[in-house]
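Me: I have a structure open and would like to learn how to read it. Could you take me through it feature by feature?

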Amino acid sequence: MEGILLALAVFLLSMDQQVLTRSLQRPLIACTIFGLILGNAGTGLAVGAALEMTMLSFDTERYYFSRPASVLYSCFSVLLAVKANLIAAEAAGAAIVFFGIGAGIVHLLSAGNLIFLQQARKAAETRNEKKLAAANFIPLLISGLIPAVIALIGAANAESFVTAMETMGDKWGWILEGFAALAYLLPLVGFAVLLRNLAAKDMPGAFFAGFACAVIAGTVFSYEAGALICALIAFAIGAYDYHSSLNKKETETVKKEKAGKGESGQWW
Amino acid sequence: MVVGIGKYTNKNEAFPLDRKTLNQVFLRSFFADASRNGETGSSTGWCWALMPGLKQIHKNEDDLALAMGHELEYVSAASPVSTFAMGVTLALEQQKSDLETIRSVRTAASAAADAFGRALFSYVVIPVSAIGCCALAANGSMLGVVLYFLVLALLSAGLRYGMLYLGYSKGVRAAESLTRHSEALKHAARLAGIFMLGAMTFLFVRGLEPDLFAQSQYQTVSLAEGLEEVLPGILPLAVIAVVWHMLTKKNRSLLQCFLVLLAISLIGALLGLFGGFFHSPLPLPWINMM
């Protein structure tokens with residue numbers, strides 16, 4: 001019963017990593033819920049507070065996009081703390097393999113969801129909103145279901161499960177790393193499609209200027225600050241181009257008017 | 001047929017969206033990032049969230065299919081502030097703006113809104129509230145957990161709501177005054193959109209540099225640092241050039257591009273080219289990971 005409740009909580013919280021307000025999945029809240037299910041809310045609180053502080057440092061690092069991995073990690077940290085009587089820091093250290101596995105699942109799904117993108121494109125062609133909704137919600141359910149199954153299997157004997165997962169990670173973890181690299185590369189396909197659709201061939205300078213600005217701003221500042229600075233520059237360039245186009249049009253109109261009057265020879 | 005390419009048949013401006021429709025979009029926006037995929041980000045959820053508005057705007061069935069198709073292009077809706085870009089997009093759709101204008105403005109607005117939202121939550125809201133609430137929780141008080149949930153949930157929902165309405169009203173006002181000069185606007189929007197795409201190529205894929213070190217008894221050289229010296233972000237730039245070439249010059253399908261990238265990723269991981277959390281079983285013999 002405990003395992004089923006734990007799996008149900010992991011299922012719901014894993015989905016909260018992507019939808020709604022994304023507040024329940026934070027380690028402090030998730031660990032408290034897991035602690036309550038395991039009958040030891042105090043340990044859940046302590047592990048949650050420790051993990052929350054750890055995750056704060058991940059938020060701004062490379063693992064930003066894998067942050068949703070935190071639910072499975074939180075679950076097994078609390079399981080180990082309660083079942084093996086470990087203190088919060090020890091449990092968090094022992095369960096770290098689940099952070100990698102959780103991140104791997106996120107990246108794996110990022111590639112797997114391309115199947116549903118095809119469904120969504122077909123739904124767009126036929127204006128079928130129900131199919132579009134299915135293409136949106138089935139991946140969500142899958143992203144909750146996989147961690148839930150892992151939690152259900154691991155809940156029975158957490159310690160030996162952690163050891164088994166570590167061995168598996170050593171052997172097959174590279175596949176998850178491959179999908180992590182793919183998750184980094186795939187947005188570039190999306191960008192290339194957008195470039196094609198924007199017919200960017202006649203404006204390569206704008207593309208390279210944006211890239212160069214991002215290199216400077218993104219190296220000096222954080223990713224977010226860099227993106228905001230680039231957005232402001234993009235807005236400024238767009239506004240300048242808009243106004244100069246209008247001025248050019250206006251000048252051309254005046255010239256035409258003058259030329260027209262000149263032809264008649266009666267400017268007065 | 002390429003989904004989302006073409007021109008609207010009915011170019012007459014649609015009636016402004018009512019509050020009920022915008023509220024539906026607001027509620028759906030909570031699920032906009034449900035099916036994030038590598039290629040187009042949150043596009044499926046984004047399109048689904050906009051559907052109540054799109055259906056009201058495009059009564060012509062072909063136009064609706066076209067709108068749905070181009071809303072499935074790359075977009076990021078991970079942060080609550082992304083609803084601002086949703087509002088602006090709906091405003092431009094309502095004005096029946098040119099497709100290139102809509103996709104350019106959407107790209108720039110969603111990237112900016114996403115970055116602002118992430119920065120707000122990652123650097124301000126989460127750290128400040130987490131430190132306070134964790135201190136309470138460490139003393140065994142449940143109040144810390146409840147407070148943490150309330151701060152994050154209310155702020156996230158409030159921002160979503162406010163930003164959608166702000167984006168829509170600003171978008172309508174801007175689009176109304178700009179429609180008279182649609183050609184100039186289209187050119188300017190394309191310029192800004194392509195500029196932002198160039199920026200995203202570096203910013204979104206930052207951190208992909210191979211984490212490798214060529215090592216001998218005399219010297220250790222970092223490949224990532226070496227590439228940074230040549231040109232930071234050279235790898236994503238090279239990849240996007242190859243994919244663009246495959247799509248436009250070689251007429252390859254998206255699936256073929258995906259398979260090429262999958263092969264590169266798996267082989268790279270097998271050889272330990274990307275570093276990461278797990279060890280590689282076949283690391284290149286002359287290169288070490290540190």
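Me: Let's start with one residue. Which residues is Leu164(B) in contact with, leaving aside its neighbours within four places in sequence?

Reply: Two residues are in contact if their C-beta atoms, placed from the backbone, lie within 7 Å. By that rule, Leu164(B) touches Leu22(B), Val25(B), Phe26(B), Ser29(B), Thr83(B), Met86(B) and Gly87(B), once neighbours within four places in sequence are set aside. A word on the source: this is a predicted model, in which local features need pLDDT of at least 70, side-chain atom pairs count only at pLDDT 80 or more, and totals for chains, interfaces and linings use all residues. Residues are numbered from 1 along each chain as its sequence is written, while chains are lettered from A and ligands numbered from 1 in the order in which they are written.

Me: Where is Leu164(B) found, and is Leu164(B) buried or exposed?

Reply: Helices (H or I, at least four residues) and strands (E, at least two) are DSSP runs, numbered from the N terminus. Leu164(B) is in helix H6 (residues 143-178) of chain B. A residue is buried if 20 or more other C-beta atoms lie within 10 Å of its own, exposed if 12 or fewer, and partly exposed in between, with C-beta atoms placed from the backbone. Leu164(B) has 26 other C-beta atoms within 10 Å, so it is buried.

Me: How many helices and strands does chain B have?

Reply: Chain B has 10 helices and three strands, in the order α-α-α-α-α-α-α-β-β-α-α-α-β along the sequence. Of its 290 residues, 52% are buried. Among its contacts between residues at least 6 apart in sequence, 71% join residues at least 24 apart.

Me: Where does helix H2 of chain B bend?

Reply: The bend at a residue is the angle between axes fitted to the seven residues ending there and the seven starting there. Helix H2 (residues 43-57) of chain B bends by about 55° at Met51(B), and a proline, Pro52(B), follows within four residues. Because 13 of its 15 residues are buried, H2(B) is largely enclosed by the rest of the structure.

Me: What should I look for in phi angles?

Reply: Most residues other than glycine have a negative phi. Here, Lys96(B) has a positive phi of about 55°. Lys96(B) sits in the loop between helix H4 (83-94) and helix H5 (99-138) of chain B, and is buried, with 21 other C-beta atoms within 10 Å. In chain A, Arg127(A) has a positive phi near 55°. Arg127(A) lies in the loop between helix H7 (114-125) and helix H8 (129-156) of chain A, and with 21 C-beta neighbours inside 10 Å it counts as buried.

Me: How many residues of chain A are in contact with chain B, and which helix gives the most to that side of chain A?

Reply: In the model, 99 residues of chain A are in contact with 105 residues of chain B. H9(A) gives the most to the side of chain A that touches chain B, with 26 residues. That side divides into 63 nonpolar, 22 polar and 14 charged residues. Here Ala, Val, Leu, Ile, Met, Phe, Trp, Tyr, Cys and Pro count as nonpolar, Asp, Glu, Lys and Arg as charged, and the others, Gly among them, as polar.
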